[in-house]
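Here are my notes on the model, point by point. Please read them with the structure open.

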Amino acid sequence: MKRGLRRFISGLFFALICTVPVQAAEERVEIPGHEFSHSMELSYAEEFSVDYYEDGYKLITIEEEGKFLVVPEKGTVPEELGKDITILQQPLDHIYLVATSAMDLFRAVDGIENIRLSGTKEDGWYIQEAKDALASGDMVYAGKYNAPDYELILSEGCDLAVESTMIHHNPEVKEKLEQFGIPVLVERSSYESHPLGRTEWIKLYGAILNREENAEEVFREQAEKLERLSSEKNTGKTVAFFYINSVGAVNVRKSSDYVSKMIELAGGRYVPEDTGANDSAMSTMNMQMEEFYAKAKNADYIIYNSTIDGELSGFSELFAKSSLLKDFKAVKDGNVWCTGKNLFQESTGLGTMIEDIHAMLTEDSVEEFTYMHKIK
């Protein structure tokens with residue numbers, strides 16, 4: 001009886017491991033004339049995938065945005081290819097980059113030279129290589145996402161537009177670019193719930209530029225930073241991350257946002273806790289100062305987000321935004337920090353930011369913080 005049961009279980013297990021690959025193969029997209037080789041390994045990213053085929057062909061799939069076939073420089077577009085697949089013909093060296101979060105990822109794989117057109121002006125960049133390229137003329141401003149300079153884009157021979165999901169507010173722009181024969185890739189790194197999921201998008205751009213090894217090396221460095229902290233105990237200390245807008249409302253992250261997640265991974269607890277789920281469309285929310293005071297006045301640490309209105313250098317600038325902040329526990333204890341304006345453009349540094357927060361919480365002695373400074 002026991003022997004028969006063992007045979008049944010063994011047979012069932014064998015059937016399962018044999019059928020799963022078959023099902024996966026049935027779902028896999030066929031590229032005529034090119035056999036499937038393997039898929040890119042991803043640790044945290046969930047919004048894209050890359051499948052590799054023979055002869056250097058790569059199929060990129062982005063959730064809700066479509067499929068893109070990267071065709072090698074001397075390769076030909078396969079016949080009878082699905083109409084839902086957009087062709088990216090290498091070399092891709094006249095890119096119109098509108099998604100600001102992608103610039104640092106291109107920079108990290110030595111891909112700045114592949115970007116000819118920028119959707120942000122020189123003074124809007126905190127990535128030095130981008131500023132330098134615009135200053136020298138190696139890169140030119142071609143208009144923001146909702147008002148591109150079509151004439152310039154066409155005259156420069158643009159071979160790919162990399163947009164953020166903001167382009168969906170102006171679908172006519174995407175349609176017009178595509179009518180001109182310019183493929184539009186809408187990246188969704190901002191929809192990744194895990195901080196390193198955002199950084200892992202470097203692998204997608206590495207695939208587009210044939211620089212996968214560079215991308216893997218950069219990503220591994222950030223992942224190792226997180227791994228080193230994984231054995232650390234949670235400090236139990238609370239952290240508020242916010243800024244005060246021009247009308248006096250407090251902008252906070254939702255409790256499931258990636259910034260809140262970074263605080264948790266660093267060993268802290270984000271407050272206010274009841275800020276709702278991240279619906280992806282909006283990862284932040286506004287609340288009145290009085291409500292924020294009631295929910296966050298006892299936070300052990302404050303991190304002021306300087307991305308919008310500039311970095312704070314002293315308490316007087318903080319109190320000018322709201323005198324109620326004087327009564328916060330973190331202010332009385334001297335545990336007030338401010339982010340640098342470069343934080344959200346440097347997508348490759350999220351592991352480093354987690355290290356910064358951990359050092360803040362544990363009061364570790366470090367020579368210099370990368371993305372934050374203490375307000376004194």
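1. In α8, Gln222, Lys225, Leu226, Arg228 and Leu229 meet Leu350, Gly351, Thr352, Ile354, Glu355 and His358 of α13; contact means heavy atoms within 4.5 Å. Four of the contact residues are nonpolar, four polar and three charged; Gly counts as polar here.

2. This is a predicted model: local features need pLDDT of at least 70, side-chain atom pairs count only at pLDDT 80 or more, and totals for chains, interfaces and linings use all residues. Residues are numbered from 1 along each chain as its sequence is written, and side-chain values use heavy atoms, without hydrogens and water.

3. How do α8 and α13 cross? Their axes come within 7 Å, at roughly 30°. The two helices are therefore roughly parallel (angles under 35 degrees). The crossing is left-handed.

4. Helix α2 (residues 100-108) is mostly covered, with seven of its nine residues buried (under 20% relative accessible area, 1.4 Å probe, protein chains only). Among them are Met103, Leu105 and Phe106. The buried residues of α2 pack against several elements, including α3 (128-136), α7 (202-208) and α8 (212-229). Just after α2, Asp110 has a positive phi of about 60°.

5. An open sheet of five strands runs β8-β7-β6-β9-β10, with parallel pairing (strands pair if DSSP finds at least two bridges between them). The edges are β8 (140-141) and β10 (184-186); each has a single partner strand, so one side of each lacks a neighbour in the sheet. Two bridges join β7 to β8. Leu117 has Val140 in β8 as its bridge partner. Helix α2 packs on this sheet, touching β6 and β7, and its direction makes about 130° with that of β6.

How values were computed: Buried < 20%, exposed > 50% of the residue type's maximum accessible area, 1.4 Å probe, protein only. Helix = DSSP H or I, 4+ residues; strand = E, 2+ residues; numbered from the N terminus. Axes fitted to C-alpha atoms, helices over the stretch in contact; angles between N-to-C directions. Parallel < 35°, antiparallel > 145°, perpendicular 65-115°, else oblique. Left-handed = near helix turned anticlockwise from the far one by under 90°.
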